[in-house]
Amino acid sequence: MRRLFHILDFADFHQNTCAFFSLDAEKAFDRLYVGSSAMFWLGEHFISMIKTLYHSSAATVLTGNIISPPFLLQRGTRQGCPLSPLLFCLSLEPLAQAIRKSEAASIKIHDHNHIILLYADDIILYLEHFEISVSDIINEFDNFNGLSGYRINWTKSALMPINNVKFNTYIPPFIPIKNSFTYLGITIYKNIHKIARDHFNNILVKIKSDIQRWNNLKVSFQGKISTIKMNLLPRLNFLFSMLPLSPPPGYFKEINSIVSCFIWNAPAPLVLTSVTTRGRNATSIRHSGSTRSSRSHSLPLPVTLDLSSLVTSLPDT
C-alpha cells in the first residue's frame, strides 16, 4: 500500500500518461483448474501430489433441510482448506512473471520499475502509456485464461488515470475509466489528501453513529468496555495498518472524548484518565501525604481510554 501512495505522490511530475488498473477476478477460487498447465513450473511430482489430494473431490448442496446428491468437483479449490490460498497464489505466479517480463505494465520512478501489486485475487497494475499498454494486458490475461481457467471480469475492473496528462487514444469500451476504486478495503483516489480525509472522517462519523445507538441500550460498565475493545478498536487498527497517513489534528482527542462519555455516561470521566490509562504495574497511590504501594489499592479498571496508544503502529516498510 505504501508503494501505491508513493506512485500517486510522484504521478503529477511524470511526463507520460500513468494509471492504476484494478482487476476484478471472476469467481477467482472457483474457476482455478488444480494441476493445470499454469502450474507446470512446480514440477510433475508436486503436481501429482496435488492431483491426488483433489482426486474424486465431491460436494453437496444444502437447501433448507434438503441435501442434494453428491457431485464431483471439476475445478476450484476447497473452501476452508489451508492449502487453497497457497495453490491460488502459485497458479498466478506464471501470469505475474509474464507481466513483469513484458513491457506492457510499468511506471518508472527514479530508475525503478513498478509493475504489479498482488494480494491473493486483488491485482493492481501500474501502467505508463496506458492507452497503448491496455490492449497488451488484455491479451496476456486472455492467454492465461486458456491455460488455467482464470478469468477477469473487465466490466467490474477499473482503470484510473493518476495524472493530468491528456490522452486521445481509443480505450476498449468494456473497460470502465473511473475516478476511484477499492483495494483491500481502502478507497483509492488520485488525491492522497482526499483519501486520508474521507477515510478518517467516515470512520469518525460511523463511531459517533454507533455510540449514539448504543447509548439507548442498557449495557453494564464492563459491557461498554468490551464493546469498545471488540467493535471500535479493531476498526481503528485496520484503518491505521492499511493507511500510512497521519490523521487530522485532534483526531484521537475527539475519539477519546466520545468513548469517555459513552463509558461513564457523563460529560466528564468519573475517574481521572491518567489513572485509568496507567499500566498494571503502576499500583502506588497517594494517601494522607504519603505513598503506599499495594496491588489491593490499585484501581481494578480493565479499561484503557487512550486509544492512540492502542492503535497498531505503522510498519516501517
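Guide: Contact here means heavy atoms within 4.5 Å. The model is predicted.

Visitor: Which residues does His-199 touch, not counting residues up to four places away in sequence?

Guide: Gly-185, Ile-186, Thr-187, Leu-239 and Leu-243. His-199 itself sits in helix α6, residues 192-214.

Visitor: Why is His-199 called buried?

Guide: Its relative accessible area is 12%. Buried means under 20%. So His-199 is buried.

Visitor: What makes the pair of Ile-195 and His-199 a polar contact?

Guide: The backbone oxygen of Ile-195 lies 2.8 Å from a polar atom of the His-199 side chain. The cut-off is 3.5 Å between N or O atoms, with one able to donate a hydrogen and the other to accept it. The 2.8 Å distance is therefore within the limit.

Visitor: How do you know whether Ser-22 is buried or exposed?

Guide: Ser-22 has 11% relative accessibility. The buried class is under 20%, so Ser-22 counts as buried. Its place is in strand β1, residues 18-23.

Visitor: What is Ser-22 in contact with, leaving aside neighbours within four places in sequence?

Guide: Ile-123, Ile-124, Ser-157, Ala-158 and Phe-181.

Visitor: Why does Val-61 count as partly exposed?

Guide: Val-61 has 41% relative accessibility. Buried is under 20% and exposed is over 50%. The value falls in between, so Val-61 is partly exposed. Val-61 lies in the loop between β2 (58-59) and β3 (62-63).

Visitor: Which residues form a nonpolar patch on the surface with Val-61?

Guide: Phe-71 and Leu-73. Together the three have about 240 Å² of accessible area. Patch residues need over 30% relative accessible area. Val-61, at 41%, therefore passes that cut-off.

Methods: Residues numbered from 1 in each chain as written. Predicted model: local features only at pLDDT ≥ 70, side-chain atom pairs only at ≥ 80, totals over all residues. Heavy atoms only, no water. Patch = residues over 30% accessible without salt bridge, like charges linked within 9 Å, V, L, I, M, F, W, Y side chains within 5 Å. Areas by Shrake-Rupley, 256 points an atom, 1.4 Å probe, with all protein chains shown as cover. Salt bridge = Lys/Arg side-chain N within 4 Å of Asp/Glu carboxyl O. Helix = DSSP H or I, 4+ residues; strand = E, 2+ residues; numbered from the N terminus. Buried < 20%, exposed > 50% of the residue type's maximum accessible area, 1.4 Å probe, protein only.
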